Amino acid sequence: MSDGGRGTQRAATRAGLDVAGLRGEFPIFAAMGPRFHYLDNAATGQICRAAAETLVDFETRARANVKRGVYRLADEATRAFEEARARIAGYLGAREAREVVITSGTTHALNLAAHTLCARLHPGDEILLTCAEHHSNIVPWQLAGRRAGAVIRAVPLAEDGRLDLDRLEALVSRRTKVVAATHCSNVTGALTDIGRLAEAARAVGAVLVVDGAQRAPHGPLDVQALGCDLYAFSGHKVFAATGAGALWIRGELADELPPFMGGGEMIRRVTLEASTFAPPPHRFEAGTPPIGPALALGAAVAWLAGLDWPAIHAHEQRLLERLLEGLRTIRGLRLLGPADTRARAPLVSFLVEGVHPHDVCQLLDAFGVCTRGGHHCAQPLHEALGAEASVRASIALYNDDADIDALLAGLEEVVRRLA
Ligand code: PMP
């Protein structure tokens, strides 16, 4: 692709966002050159300069373990780690930094949530999921729920590919102790009406856990206003390093919950017979945390928090519309989930009739286009949508018209050659 394609960024610049400037904050784009169209952001985002520099700086100039040293370097590391926690709390809109537990990512966070919440369940209690969940928000509930004898139920899909929340009344009862739902589907991009789930959960005294992995890269959050009790997300999807994420737990609830893993730094006192535990968040952070990645996460969200999100949302939605419009003109292509751009993150999954998603992705790679093919760790959702697997294109703040156009041109070629 010629450099000219990137000239289309200027249209977005006129709309108030300097996309070229944003791309410049991500070292990978200079390294890969112009024929690199990264549309696999739902799997992992590219690392921003602020996060990359923070990570390297810690590992090469400031490395020490946290929470336990009394010398200056260790004290500095602990201070930086707690500062990162505070920055994450700010991004989430948490009341206090102590409500944020540093995890290795969303999967760890949801396993922590399931383990500690299910410790309070009794046989016959119910956990309400949705059929749009990533396996990370299904399997932990199955594992921990089974130990407690709890029953799993799920909100089904409506005709339009969104969750059928009109079924909530029939699904939620006094037996419901936990509701766990994704904020945004990693297959269809559909945003869940968390407020409605919160109302239903609150009415029966259930705890609401939200998987925010796909929502967190699209701007700062307000967990208080959302009305949930726990919120999980991954650092690598919000343009930080792999290896760190976070779980927000509402303060009063965190105080009541038992630990997940046992080990160093999560205790108050240990004897050979029994232990007492540190208050949150340390109770949930056994062992050495992912210090460098957590600092990088703090740097990434601090940088993200300072961006012009109304302009970024407009940019992402414009790219999504351009993509949907283009996809609709391609013969033999089937979109999964909602067909409109209403209440949806900028990601799309689709099928090319007669061509396996892996073959589609492989051919797109020849055009410099990175997409993902498979079930995206959401087999129940694919089943509900009547598909085994799909191709997913997911947009982030640094994508531009050239990325969308390269994908569409590649798909035309896929259809011409294979379909
Ligand atoms: N939930 C959702 C909705 C996701 O998209 C993902 C990542 N694909 C996860 C959970 C798991 O995230 P991680 O692998 O970072 O733990």
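# Reading contacts in a predicted model

User: How many salt bridges does the structure hold?

Analyst: The structure holds 28 salt bridges, and since everything here is read from a predicted model, each value below is a computed one.

User: Are Arg23 and Asp400 buried or exposed?

Analyst: Buried means under 20% relative accessible area. Arg23, at 8% relative accessibility, counts as buried, and Asp400 is buried too, with a relative accessible area of 1%.

User: Where do Asp57 and Arg61 lie, and how do I read their salt bridge?

Analyst: Both residues lie in helix α4 (residues 49–61), four residues apart, which is about one turn of the helix. The closest N and O atoms of Asp57 and Arg61 are 2.8 Å apart. Asp57 is partly exposed, with a relative accessible area of 33%, whereas Arg61 is exposed, with 65%.

A further case is the salt bridge between the side chains of Arg79 and Glu76, at 3.4 Å from N to O. These two are three residues apart in helix α5 (residues 72–92), and about one helical turn separates them. Arg79 counts as partly exposed at 48% relative accessibility, and Glu76 is partly exposed with a relative accessible area of 40%.

User: Which residues are linked in a network of salt bridges?

Analyst: Such a network links Lys67, Glu82, Arg85 and Glu285.

User: What describes a pair of aromatic rings?

Analyst: The distance of the centres and the angle of the planes describe such a pair. In this structure the count comes to eight aromatic pairs. Phe29 and Phe36 form one of them, a tilted pair with 5.9 Å from centre to centre and 45° between the planes. Phe29 counts as buried at 9% relative accessibility, and Phe36 counts as buried at 6%.

User: How do I read the pair of Phe29 and Tyr398?

Analyst: The ring centres of Phe29 and Tyr398 are 4.9 Å apart and the planes stand at 65°, so this pair is edge-to-face. The pair links distant parts of the chain, with Phe29 in helix α3 (residues 27–32) and Tyr398 in the loop between β15 (390–394) and α16 (401–418), 369 residues apart. Tyr398, at 0% relative accessibility, counts as buried.

User: What else involves the ring of Phe29?

Analyst: Phe29 is part of one aromatic cluster, formed together with Phe26, Phe36, Tyr38, Phe239, Trp303 and Tyr398.

User: Which residues form a nonpolar patch on the surface?

Analyst: Ile267, Val270 and Phe277 form that patch, with about 220 Å² of accessible area together. Ile267, found in strand β9 (residues 267–270), is partly exposed with a relative accessible area of 30%. Leu272, which lies in the loop between β9 and β10 (275–277), counts as exposed at 89% relative accessibility.

Definitions and conventions:
Residues numbered from 1 in each chain as written. Predicted model: local features only at pLDDT ≥ 70, side-chain atom pairs only at ≥ 80, totals over all residues. Heavy atoms only, no water. Phe/Tyr/Trp six-rings, centres within 6.5 Å; stacked < 30°, edge-to-face > 60°. Buried < 20%, exposed > 50% of the residue type's maximum accessible area, 1.4 Å probe, protein only. Patch = residues over 30% accessible without salt bridge, like charges linked within 9 Å, V, L, I, M, F, W, Y side chains within 5 Å. Areas by Shrake-Rupley, 256 points an atom, 1.4 Å probe, with all protein chains shown as cover. Salt bridge = Lys/Arg side-chain N within 4 Å of Asp/Glu carboxyl O.
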